[in-house]
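Me: I am new to this structure. Please take me through its parts by question and answer.

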Amino acid sequence: MDLDWVSAFFKNNEWLIVYLKGMLKPAAALAVVLLAVALSYSQNLSLEGEMIYSVFRSFLQLSVIGFILQFIFNQENAGWIILAYLFMVSVAGYTAGQRAKHVPRGKYVAGVSILSGTSITMFLLIVLNVFPFTPRYIIPVAGMMVGNAMTVTGVTMKQLRDDIKMQLSLVETALALGATPRQATLQQVKRALVISLSPVLDSCKTVGLISLPGAMTGMIMGGASPLEAIQLQIVVMNMLVGAATVSSIMCTYLCWPSFFTKAYQLQTQVFSS
């Protein structure tokens, strides 16, 4: 009787057995983490606890997300795709807003900017039939775009606010001479956009020469031919540049109401900290 119960358990939970077997290699890869912990201890870096916590958290998050994605991939309802996408945008907006914490309503600005840039890019890809509107394609692609736009948006907002703060007298002089907020901060906006977009463009220029990106590597390791992998990677790099550019420019426009009054004067309290 007991054997029948055990047999029934394994039969009904075959997915769990497959998952646990698949975790053997990730568990073996913990050896390199232990090496990093040992080096941190030997060098008195005091990062051992943070390393262990970070690895445990990534394991927990990825495991949960893996089960959630498995559920979504088995659904035919497009609502799950949109829900997953909005969740990613919300987390990204919060994270980017934390980076630019001195920008008023930074989380809102970041969230709307990321949503605008990634949704426009995604819409074009779907309309042009580059990707089918299915969870297996849209969710991973959206994740890459949202993550990249999050970084760019956070850097843009922080850099713009810091540059205006360093050149307050120059901006105030331009405003006193009748310039609009856009005209008075044009150079600061350009500098913030150049700094935030440079890593994306550098990555695009050196892709394949210095490193093989994740999408391409994943396809090759999954058995796809290198030619198929580079086709996907070209699409990925194009969409990252498009989404990052739209998101970063959008956030500069959304920042102005927080930086200036309706009378075209600087909000001094924003730059006082």
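Reply: Domain bounds here come from an automatic or database domain assignment. The model is a predicted one.

Me: How far apart are the centres of domain 1 and domain 2?
Reply: The protein chain is divided into domain 1, residues 1-74, and domain 2, residues 78-270. The contact between them takes 4 residues from domain 1 and 5 residues from domain 2. Taken over C-alpha atoms, the centres of the two domains are separated by 32 Å.

Me: Are α6 and α8 roughly parallel or roughly antiparallel to each other?
Reply: Helix α6 covers residues 78-99 and helix α8 covers residues 135-166; their axes lie 9 Å apart, at an angle of about 15°. Angles under 35 degrees count as roughly parallel. Therefore α6 and α8 are roughly parallel.

Me: How many nonpolar residues does the contact of α6 with α8 have?
Reply: From α6, the residues that meet α8 include I81, A84 and M88, and among those on the α8 side are I138, V146 and M150. By class, the contact of α6 with α8 has 2 charged residues, 4 polar ones and, for the nonpolar class, 15.

Me: Is G117 buried or exposed?
Reply: G117 has its place in helix α7, residues 106-127. Buried means under 20% relative accessible area. The relative accessible area of G117 is 0%, so G117 is buried.

Me: What separates the C-alpha atoms of G117 and G242?
Reply: Leaving aside neighbours within four places in sequence, G117 is in contact with A243, V246 and S247. G117 and G242 are 125 residues apart along the chain, and the separation of their C-alpha atoms is 7.6 Å.

Terms used. Residues are numbered from 1 along each chain as its sequence is written. This is a predicted model: local features need pLDDT of at least 70, side-chain atom pairs count only at pLDDT 80 or more; totals for chains, interfaces and linings use all residues. Side-chain values use heavy atoms; hydrogens and water are left out. Axes are lines fitted to C-alpha atoms, for helices over the stretch in contact, and angles run from 0 to 180 degrees between N-to-C directions. Helices (H or I, at least four residues) and strands (E, at least two) are DSSP runs, numbered from the N terminus. Angles under 35 degrees count as roughly parallel, over 145 as roughly antiparallel, 65 to 115 as roughly perpendicular and the rest as oblique. Contact means heavy atoms within 4.5 Å. Ala, Val, Leu, Ile, Met, Phe, Trp, Tyr, Cys and Pro count as nonpolar, Asp, Glu, Lys and Arg as charged, and the others, Gly among them, as polar. Buried means under 20% relative accessible area, exposed over 50%, partly exposed in between (1.4 Å probe, protein chains only).
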